[in-house]
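This note sets out some points on the structure for a colleague who has not seen it before. Please read each point with the structure in view.

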Amino acid sequence: MPTTSGARSGPGTSETKNGLSPSEVPTVPDAVTGPTPAGVGTGVGPFSAATVAAAAEVIARYPLGRQRSALLPLLHLVQAEEGCVTAEGVDFCAKQLGLTAAEVHAVASFYTMYKRHPVGDWLVSVCTNLSCSLVGGQDVYDRLSKKLGVGHDQTTADGAITLEHAECLAACDYAPVMTVNYEFYDGVDTAAAEGIVEALARGERPTSTRGGPLCTFKEVSYQLAGFEDPRPEGVAGAGFLEPSVVGLTIAEQAGWQGEIAGTQPADTTTPAAPPADTTTPAAPADKTTKGA
Ligand code: FES
């Protein structure tokens, strides 16, 4: 198996140019060392030729010998084709990156964005963490669970909508929040949340509060693999709204300049005292002198 450029120092070399010992230099498979990775132009297992080519493009973004860093986007890529990370998807990523299936599985099972069984077109995530639950997040989740007839990590019978509890979605300033395929719906109550899933069930794509138009789960998985949304309006959206900057707004209105609470602001009108002279050694104490 060929190795990275650093490993080409040859047998007997104790240290390579990049400072790694030969045993530390990662090896990579043929598929990621050459300009034309193996498998490109043909499908691999359940994966299409387009996915194989996309995988090669993702891997090529990483320095030679560091291709294993492509694992996270590759997992999104296989999810984009199959709707979740299957055993075949794990094997595909492992073969492309020269990893073991166990190593890939360890990563895929750690992050909640990698799904182990098929997700519907619409992944509805309701934050039930503290800030949201204090203002009704759990009520929203319970109402949707009852309406859809599914629990956490379950999909409706028609395969369209998957519901899940979510931990903090980093939007506490808009609590309670829910997302559909990671687009935010801010400040929802039970009625608003019901309206959103009813629209999804009718085949509509309800407008999110701050993001672009909704994508299906497979489409957004492809974007998370590092490929742009081809729709011109895909990057539209407010991004952030007033609640995200309310602290900054208050600070600006109060004329705060960044002082730390409880301290005096720096007096910029008085010249600073010169630094202490550290070049003059202190006189040693005369231990023989008796007190006066
Ligand atoms: S607790 Fe819900 S977004 Fe932070």
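1. In this predicted model, five strands make up an open sheet whose order is 2-3-1-4-5, with mixed pairing. Strand 2 (154-155) and strand 5 are the edge strands; each has a single partner strand, so one side of each is left without a neighbour in the sheet.

2. The pairing at one end of this order involves strand 2 and strand 3, which run antiparallel and are joined by two bridges. Glutamine 154 has leucine 163 of strand 3 as its bridge partner.

3. Strand 1 is paired with strand 3 in the parallel sense, over six bridges. With strand 4, strand 1 pairs in the antiparallel sense, over three bridges. Here valine 126 has methionine 178 of strand 4 as its bridge partner.

4. How many of the residues of strand 1 are buried? Six of its six residues are buried, and the strand is thus described as mostly covered. In a regular strand the side chains alternate between the two faces of the sheet. In strand 1, Trp122, Val124 and Val126 point one way, while Leu123, Ser125 and Cys127 point the other way; all are buried.

5. The largest nonpolar core has 32 residues, and those touching the most other members are Val124, Val126, Leu144, Val177, Met178, Val180 and Val197. At least two residues of this core come from each of strand 1 (122-127), helix 6 (137-148), strand 3 (161-166), strand 4 (178-180), strand 5 (183-185), helix 7 (190-201) and helix 8 (217-224). Strand 1 gives the largest share of this core, five residues.

6. Which residues does valine 180 touch, not counting residues up to four places away in sequence? Its contacts are Trp122, Leu123, Val124, Tyr185, Ile196, Leu200 and Leu214. Another core, of 24 residues, lies apart from the largest one; among its members are Val58, Val78, Leu97 and Val104.

7. Helix 1 (residues 49-59) has the buried residues Thr51, Val52, Ala54, Ala55, Ala56, Val58 and Ile59. The elements that cover the buried residues of helix 1 include helix 2 (71-82) and helix 3 (87-97).

8. Histidine 117 is found in the loop between helix 4 (101-108) and strand 1. Is histidine 117 buried or exposed? Histidine 117 counts as exposed because it has 12 C-beta neighbours inside 10 Å, and a residue with 12 or fewer is placed in that class. Histidine 117 and aspartate 153 are separated by 36 residues in sequence, and their C-alpha atoms are 9.1 Å apart in space.

9. Some values for the whole protein complete the note. The protein contains nine helices and five strands. Along the sequence, these elements follow the pattern α-α-α-α-β-α-α-β-β-β-β-α-α-α. The protein has 292 residues, of which 30% count as buried. Among the contacts with a separation of 6 or more, 57% are between residues 24 or more positions apart.

Key
Residues are numbered from 1 along each chain as its sequence is written. This is a predicted model: local features need pLDDT of at least 70, side-chain atom pairs count only at pLDDT 80 or more; totals for chains, interfaces and linings use all residues. A nonpolar core is a set of buried Ala, Val, Leu, Ile, Met, Phe, Trp, Tyr and Cys residues joined through C-beta atoms within 7 Å. A residue is buried if 20 or more other C-beta atoms lie within 10 Å of its own, exposed if 12 or fewer, and partly exposed in between; C-beta atoms are placed from the backbone. Helices (H or I, at least four residues) and strands (E, at least two) are DSSP runs, numbered from the N terminus. Two residues are in contact if their C-beta atoms, placed from the backbone, lie within 7 Å. Two strands pair if DSSP finds at least two bridges between them.
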